[in-house]
Amino acid sequence: MEEMFDYLSPQWAIEVERKLRLELSPEKMNHVTSSMNNIYENCKDGKRQFFYVSFKDGSIDEVITGFGDGPKAEFIINGEYEVFKQISQATLGAQRALMTGQLKLKGNMVKALKLASLVDRINKIIATIPANY
Amino acid sequence: MSNNFVIDPYFIDFPKRILEIQNEMAKKNLDVYLGSRLRTMSWTTDAFFPWRAFIVIPAQGLPTAFTFVIDAARAADDSWLDEDHVLGFAPMGGQDQISQIADFIKDLLPSGKGRIGIENGMSNYLPEGNLTHYEYERFSEALDGYILVNAHEIIDRLALIKDTGTINRFKEASRIVDIGHQAVFDAISNGGWKGMTETEIAGLASHAMRKAGSVWEWSFTGGNEIAVGKRTGYAGGACTPATNKRIEAGDPLMVDIHAMYKLGLGDHSHNYLIGPTSDRQRWHAQNFIDIVELTLKAYKSGITPSDLAFEMMGFAEEKGFADFMVPGFEHGIGMLGDEWRIGMNDGPFPYWTNPDHVYQENEVLICAMQYACPDESIGFRYENPIVIHKDHCEEMSKFRLSVDEIL
């Protein structure tokens, strides 16, 4: 039976890191060096959680989840837990969520546009991880 | 060992400009300056911002410009600021211009309080770029607790006297305009004008000027302004976007062309009479030449627009052509976006030229005159960027002052 992970748990983060390393080569990630911190508002218990991922020269550097605001990052994306959940389940596109104001991006928009397709690749991989939401 | 330093004649010390703004901000107790006018964007960034743009200048350190995301990378490439200081806004959560800039300012002023200089007012110049009422309301909401203070006079004062690099950019743009005028002269001479429209003349001038290095016929008045026949002599008029009107024998022809070089602006008008020419047309033309020559002799530091208008209108009255003179002899000019008003906003009518503005050395303005006789369908225009010196003015465009008769 396929292992299930609690969404945003440390085990889920480890699985995300494993899958990203396995499926995203530095070439596929355009040798990008960047970091992104998704800040989830109104999680199940009403708390704030984060999901941080960073790349160095296209290779996964860190994947961290936890409570609170999390580490500083080049891009910070704020939104409701329910919105991020839909993105992680591939029922809502990240770009649509941004364009409809469901997510709020902080960071250099021009650089963000360059990374948009890479973020889509990451989200598609995350969507394959079985999780309890 | 030889000294191989090449001095760029068009160099402008933009970091120094920012420091000067920050010094003025400190005097006015401003924590941040939020510029939105096209003239401010040009003067601070050295880049052309055709889309809505803002610049946030902190009390210390580098400024950051914001514009529509589709043009941010290009603007950053053109500017002395790097891509981390020219940001794009877009209709996305947190990335629309109000949210993005308000968040940026809040990061600069995390105490939740502060005085923010803004640019408000009115202008004859449509693309001026003052903060709109809507933008003001939204920024006020997004920056609750902060105080927005109109502070455009900081830029206006600092930009008034032109530095050498700016003047040289204007001179180069004027040199290019002269090439455009020569191309027009060559094309219309010896019957070349037959069948030509105003727009064709505008286009061939543009072609010659672009070949010579101009990047834009920058004027918002339709680029190059060309007028033939009655369109040269609109009552009180001085704005003629080119049309498809064809040149006819016996027409006056007004060629008012514009070039831009590194945001420095060329703007010079030359006038023609297409043969056969009547004595009456020659009389009008000579009046026009006489008053332009006299005006150019009069410009120097210490005089005012009203002094000059009084003297010139007196001359026109004495010579019997005052009825045909539009009583204005100048308009303001600076790096792209700085057009129309002369000097500071300190005259009797807000945001219009102060008639008692005292010209100072190294001010640049457009010496501008319009001679118009609508009843006889004839008019002439003079425009030329000039630098004010202690006891004279320097014409930047060197194309001959004449009304050429063309057959």
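Modeller: A term to start with: buried means under 20% relative accessible area, exposed means over 50%, and partly exposed is in between (1.4 Å probe, protein chains only). This is a predicted model: local features need pLDDT of at least 70, side-chain atom pairs count only at pLDDT 80 or more, and totals for chains, interfaces and linings use all residues. Residues are numbered from 1 along each chain, chains are lettered from A and ligands numbered from 1 in the order written, and side-chain values use heavy atoms, without hydrogens and water.

Biologist: OK. Why does helix α6 of chain B count as largely enclosed?

Modeller: Six of its eight residues are buried, so the rest of the structure largely encloses α6 (residues 153–160). Helices here are DSSP runs of H or I with at least four residues, strands are runs of E with at least two, and both are numbered from the N terminus.

Biologist: Which residues of α6(B) are buried?

Modeller: B:Ile154, B:Ile155, B:Asp156, B:Leu158, B:Ala159 and B:Leu160. They pack against α1 (14–27), β1 (32–35) and α2 (38–45) of chain B. Contact means heavy atoms within 4.5 Å.

Biologist: New topic. How many salt bridges are there over all chains?

Modeller: There are 38. A salt bridge is a side-chain nitrogen of Lys or Arg within 4 Å of a carboxyl oxygen of Asp or Glu. One of them joins B:Arg39 and B:Asp338, with the closest N and O atoms 3.3 Å apart. B:Arg39 lies in helix α2 and B:Asp338 in the loop between β10 (330–333) and β11 (339–340), so the pair ties together parts 299 residues apart in sequence.

Biologist: Is B:Arg39 buried or exposed?

Modeller: B:Arg39 is buried, at 8% relative accessibility. B:Asp338 is buried too, at 10%.

Biologist: Which network of salt bridges is B:Arg39 in?

Modeller: The network links B:Arg37, B:Arg39, B:Glu119, B:Glu128, B:Asp156, B:Asp338 and B:Arg341. B:Asp156 is also among the buried residues of α6(B).

Biologist: What about B:Glu198 and B:Arg231?

Modeller: Their side chains meet in a salt bridge of 2.8 Å, N to O. B:Glu198 is in helix α8 (residues 198–211) and B:Arg231 in the loop between β7 (225–228) and β8 (252–261), so the pair ties together parts 33 residues apart. B:Glu198 is buried at 0% relative accessibility. B:Arg231 is buried at 10%.

Biologist: And the surface? Which residues form the nonpolar patch?

Modeller: B:Met122, B:Trp340, B:Phe349 and B:Trp352, with about 470 Å² of accessible area together. Patch residues have over 30% relative accessible area and no salt bridge; like charges are joined within 9 Å, nonpolar side chains (Val, Leu, Ile, Met, Phe, Trp, Tyr) within 5 Å. Areas come from the Shrake-Rupley method with a 1.4 Å probe; for residues, only the protein chains shown count as cover. B:Met122 is partly exposed, at 49%.
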